[in-house]
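The sequence and the model are shown first.

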Amino acid sequence: MSERSSLILRLIESVDSRTSYIKAKLGILVPSQIRSLRLQSEMPRQADLAKAAGLHQSRISMFETPGAANMTIETLAR
């Protein structure tokens, strides 16, 4: 059985595996999307985004680092 097939089988059979897989993917995809959207916006600097969101620049940096931040939906909305 291939590695991919094995992963799919684990995901089908185990809720815990699915939960872990989704958390890991979100931990990479969300920070990448935040950075990408920031760079395409009218405020490409982290400091500008932080000011607009009412946050510190270091917090924006943490949000853009895969796996580093635990953010809330409210913070993402800002």
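Which residues does Arg 18 touch, not counting residues up to four places away in sequence? Arg 18 touches Leu 11, Ile 12 and Glu 13, where contact means heavy atoms within 4.5 Å.

## Basis of the description

The model is predicted; local features need pLDDT of at least 70 and side-chain atom pairs count only at pLDDT 80 or more, whereas totals for chains, interfaces and linings use all residues. Residues are numbered from 1 along each chain as its sequence is written, and side-chain values use heavy atoms, with hydrogens and water left out.

## Helix α2

Helix α2 has 26 residues and spans 37 Å from its first C-alpha to its last, close to the 38 Å expected at 1.5 Å a residue; the expected span is 1.5 Å times one less than the number of residues. Helices here are DSSP runs (H or I, at least four residues), numbered from the N terminus. At the start of α2, a side-chain oxygen of Ser 14 comes to within 3.3 Å of the backbone nitrogen of Asp 16.

Arg 18 also belongs to helix α2 and counts as partly exposed, at 33% relative accessibility. The classes are buried (under 20% relative accessible area), exposed (over 50%) and partly exposed in between, with a 1.4 Å probe and protein chains only.

## Arg 38 and Glu 64

Arg 38, found in helix α2, is buried, with a relative accessible area of 8%. Glu 64 lies in the loop between α4 and α5 and is likewise buried, at 10%. The two residues are 26 apart along the chain, and their C-alpha atoms are separated by 9.8 Å. Their side chains make a polar contact of 2.5 Å. A polar contact is a pair of N or O atoms within 3.5 Å; within protein, one must be able to donate a hydrogen and the other to accept it, and residues adjacent in sequence count only if both atoms are side-chain atoms.

The side chain of Glu 64 is also joined to that of Gln 46 by a polar contact of 2.9 Å. Beyond four places in sequence, Glu 64 touches Pro 31, Ile 34, Arg 35, Arg 38 and Gln 46. With the same exclusion of neighbours within four places, Arg 38 is in contact with Met 43, Pro 44, Arg 45, Gln 46, Leu 49 and Glu 64.

The largest pocket holds about 290 Å³ of space. Of its 16 lining residues, the closest to the centre are Ile 34, Leu 37, Leu 49, Leu 76 and Arg 78. On a 1 Å grid over the protein atoms alone, a pocket is an open set of points where a 1.4 Å probe fits, with protein on both sides within 12 Å along at least five of seven lines, and lining residues have an atom within 4 Å of a point. Grid points are joined across faces, edges and corners, and a volume is the space filled by probe spheres set on the points. The largest share of this lining, 5 residues, comes from α2.

The second largest pocket has about 250 Å³ of space. Among its 15 lining residues, Leu 26, Gly 27, Val 30, Ala 69 and Met 71 are the closest to its centre. Here too α2 gives the most to the lining, with 5 residues.

Technical notes:
Helix = DSSP H or I, 4+ residues; strand = E, 2+ residues; numbered from the N terminus.
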